[in-house]
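User: I have a structure open and I'd like to learn how to read it. Could you walk me through a few of its features?

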Amino acid sequence: MLGSGLWGRLALGACAALAAAGPARAQERGQERVQEGRAVPPLVFTGIPDQDESRLVERFGKVAAYLESRLGVPVRYIPVKSYPAAVTAFTNGQVQLAWFGGFTGVQARKAVPGSQAIAQGAEDAAFKTYVIANAATGLKRGTDFPKDIRGKTFTFGARASTSGRLMPEYFIRQAFPGKAPEQVFARVGFSGDHTRTIQLVQSGAFAVGAVDYSVWDLDTKAGKVDPEAVSVIWESPTFPDYQWTVRGDVEQTYGAGFMERLRSALTGITDPAILEPFGRSQFIPVTNAAYEPLVAVGRSTGLLD
């Protein structure tokens, strides 16, 4: 929880600091399902593109099939090219459900009042960022934020990533008071996704980077990380991150109680074949309140109005 002291300050900061769109049209009318005498369009969802596309297709295709079997309505996954595109698709009603990062979820729910965070990975209640470094830097792992990264090249992930940009920038600003990342590093980049961040630091294109710990673990398990070329030099305090968020108007299309049915379906997933591509042991219930500290972080870094 960001460490008890830090988390407490963020929660207090959130308290202190503290167009809906119509339901999506069915993309494939021929696949609407008749329910209680009326045609029900597919439930369409997306997810932020936080890692390589093949893994996303595997991950979300299995979720679509599972939800369709549990909910009794057609379910379709549509890919997007960027984090902002996921928020836009949710905002304009192209999708009713999305797998967001912590910060993109905050942005989406701000844009669509009434939307709800309904489930998160068990690991998302206490998520972490890893700071990783190319071996040529000579940087070694430590418990304190690695201030020796000053003056080196540094890559974030996507600009709207919680673990790849929002929280790392917060920790950087805490370590170097009064300094923006561009004033700390020789060059700052944005890789676009966590897998790419690992590749860029491993290759030496950037000396240091910030990455989602779960993607690091998945890529390490898949043999995509060369431990002789890149390693973790710092593990952050914990913070809330990914979650499933649903539009508040979903029950206008799918009936009263649908939001809770959807939550129950997601938290009822036990199949390792579905959970493992997420790097999650299970999904658990969550509410919007769990992400209020990220509002304070977003405002303190200037990334949220």
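**Reading the fold**

Analyst: Let's start at one spot: Ser115 sits in the loop between α4 and β6. Helices here are DSSP runs of H or I of at least four residues and strands are runs of E of at least two, numbered from the N terminus. A word on the source: this is a predicted model, where local features need pLDDT of at least 70 and side-chain atom pairs count only at pLDDT 80 or more, while totals for chains, interfaces and linings use all residues. Residues are numbered from 1 along each chain as its sequence is written, and side-chain values use heavy atoms, with hydrogens and water left out.

User: Is Ser115 buried or exposed?

Analyst: The general idea is a cut-off: buried means under 20% relative accessible area, exposed means over 50%, and partly exposed is in between (1.4 Å probe, protein chains only). Ser115 has a relative accessible area of 2%, so Ser115 is buried. Contact means heavy atoms within 4.5 Å. Leaving out residues up to four places away in sequence, Ser115 touches Phe90, Arg109, Thr245, Val246, Arg247, Gly248 and Asn288. Across the whole protein chain, buried residues make up 55% of the 305 residues.

User: How many residues of helix α4 are buried?

Analyst: Seven of the 10 residues in α4 (102–111) are, which leaves that helix mostly covered. They are Gly102, Phe103, Thr104, Gly105, Val106, Ala108 and Arg109. Their cover includes α3, β5, β6, α5, β12 and α12.

User: Now the sheet. In what order do the strands come?

Analyst: Pairing has a rule: two strands pair if DSSP finds at least two bridges between them. Six strands make an open sheet here, ordered β4-β3-β5-β12-β6-β13, with mixed pairing. At the edges are β4 (75–77) and β13 (283–285), each pairing on one side only. From one strand to the next, the twist averages 25 degrees.

User: Which strands are joined to β12 by bridges?

Analyst: Strand β5 (residues 97–100) is joined to β12 (residues 243–246) by four bridges, and the two run antiparallel. Trp99 stands opposite Trp244 in β12, and Phe100 has Gln243 as its bridge partner. Strand β6 is also antiparallel to β12, with three bridges; there, Ala119 is partnered by Trp244. Both faces of β12 are covered: Gln243 and Thr245 are buried on one side, Trp244 and Val246 on the other.

User: What lies on the sheet, and how do I read the angles?

Analyst: Axes are lines fitted to C-alpha atoms, for helices over the stretch in contact, and angles run from 0 to 180 degrees between N-to-C directions. Helix α3 (residues 83–91) lies across β3 (43–47), β5 and β12, at about 155 degrees to β5. Helix α10 (residues 258–267) packs on the sheet too, touching β3, β5, β6 (116–121), β12 and β13, and its direction makes about 5 degrees with that of β6.

User: And how do I describe two helices against each other?

Analyst: You give the angle between their axes and the distance between the axes. For α5 (residues 162–175) and α12 (residues 292–300), the axes come within 9 Å and cross at roughly 65 degrees. Under 35 degrees counts as roughly parallel, over 145 as roughly antiparallel, 65 to 115 as roughly perpendicular, and the rest as oblique. So α5 and α12 are roughly perpendicular to each other.

User: Which residues of α5 and α12 meet?

Analyst: Thr162, Leu166, Met167 and Tyr170 in α5 meet Leu294, Val297, Gly298 and Ser300 in α12.
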